[in-house]
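Student: I would like to go through this structure and ask where its labels come from. Please set each value against its definition.

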Amino acid sequence: MRKAILHLKKVDPILSSVIERVGRYGIQYREPNFETLVRSIVYQQLSGRVAAVIFGRLLALVPGQKLTPEGILKLTPARMRKAGLSKQKTLYIRDLAHKTARGALRFDTLTEMSDQEVIEHLTQVKGIGVWTAHMFLMFALQRPDVLPTGDLGVRMAIRKAYALDDLPHAKYIEDMAARWRPYCSVATWYLWRSLEGQAEI
């Protein structure tokens with residue numbers, strides 16, 4: 001990470017000040033597995049605190065508090081809803097479980113895929129879009145150069161740090177981040193932390 005941070009500080013003075021203010025890089029990685037992807041679905045569009053409660057309830061419903069496709073498919077949708085999951089998220093998690101159980105989605109091959117291939121592989125599941133795939137690339141597969149241009153936190157952090165009048169659009173972020181490559185994931189993490197975000201999935 002030292003090489004990445006030195007590069008970012010050298011090429012972008014504003015990001016350099018963000019890095020100095022935030023301090024030590026401390027991303028928390030997760031296993032690139034089924035449970036992590038379920039977790040990311042649960043966390044979509046919820047505050048971390050609320051999502052953690054719901055995820056904990058879901059874990060409590062399965063044997064050994066370990067999420068597997070088989071464990072999810074043994075639960076009725078009604079029980080999943082009772083844990084606090086919305087109707088849509090229940091559908092998404094069950095679709096993920098079905099596709100994983102029948103081998104359409106394979107976690108053991110993800111490490112061999114390019115970032116774009118991972119995105120295409122994961123987004124075959126209902127409810128998993130590019131944003132969720134980006135989070136999985138960063139926090140589970142530990143890819144160093146992911147730039148989630150559609151992430152509201154990233155857009156807000158850039159507007160604040162670079163004193164923009166409006167939230168930047170994707171093309172603007174892509175253009176300004178060209179100098180960050182190949183370490184966009186590191187820059188993204190620092191931008192999230194500049195807003196006191198938890199920066200996790």
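Student: Why does Met 156 count as partly exposed?

Tutor: Buried means under 20% relative accessible area, exposed means over 50%, and partly exposed lies in between (1.4 Å probe, protein chains only). Met 156 has 34% relative accessibility, so it counts as partly exposed. Before going on: this is a predicted model, in which local features need pLDDT of at least 70, side-chain atom pairs count only at pLDDT 80 or more, and totals for chains, interfaces and linings use all residues. Residues are numbered from 1 along each chain as its sequence is written, and side-chain values use heavy atoms, with hydrogens and water left out.

Student: Where does Met 156 lie?

Tutor: Met 156 is part of helix H10, residues 152-161. Helices (H or I, at least four residues) and strands (E, at least two) are DSSP runs, numbered from the N terminus.

Student: What makes Leu 152, Met 156 and Leu 195 a nonpolar patch?

Tutor: Patch residues have over 30% relative accessible area and no salt bridge; nonpolar side chains (Val, Leu, Ile, Met, Phe, Trp, Tyr) are joined within 5 Å, like charges within 9 Å. A salt bridge is a side-chain nitrogen of Lys or Arg within 4 Å of a carboxyl oxygen of Asp or Glu. Leu 152, Met 156 and Leu 195 form such a patch on the surface, with about 240 Å² of accessible area together. Areas come from the Shrake-Rupley method with a 1.4 Å probe, and for residues only the protein chains shown count as cover.

Student: How many helices and strands does the chain have?

Tutor: The chain has twelve helices and zero strands.

Student: Why is the chain called as compact as a globular protein of its length?

Tutor: The radius of gyration is taken over C-alpha atoms, and the globule rule is 2.2 Å times the number of residues to the power 0.38. For 201 residues the rule gives 17 Å; the chain has 18 Å, which is close, so it is as compact as a globular protein of that length.

Student: Why is helix H12 described as largely enclosed?

Tutor: Ten of the eleven residues of H12 are buried, so the rest of the structure largely encloses this helix. Their cover includes helix H1 (2-11), helix H2 (13-22), H9, H10 and helix H11 (170-177).

Student: How do you know that Thr 188 is buried?

Tutor: Thr 188 is in helix H12. Its relative accessible area is 0%, and the cut-off for buried is under 20%. Thr 188 is in contact (heavy atoms within 4.5 Å) with Met 138, Val 146, Leu 147, Pro 148 and Val 154, leaving aside neighbours within four places in sequence.

Student: Is Trp 180 buried or exposed?

Tutor: Trp 180 lies in the loop between H11 and H12. With 0% relative accessibility, Trp 180 counts as buried.

Student: Which residues touch the most other members of the largest nonpolar core?

Tutor: A nonpolar core is a set of buried Ala, Val, Leu, Ile, Met, Phe, Trp, Tyr and Cys residues joined through side-chain atoms within 4.5 Å. The largest has 64 residues, and Leu 58 and Trp 180 touch the most other members. Helix H12 (residues 184-194) gives this core its largest share, seven residues.
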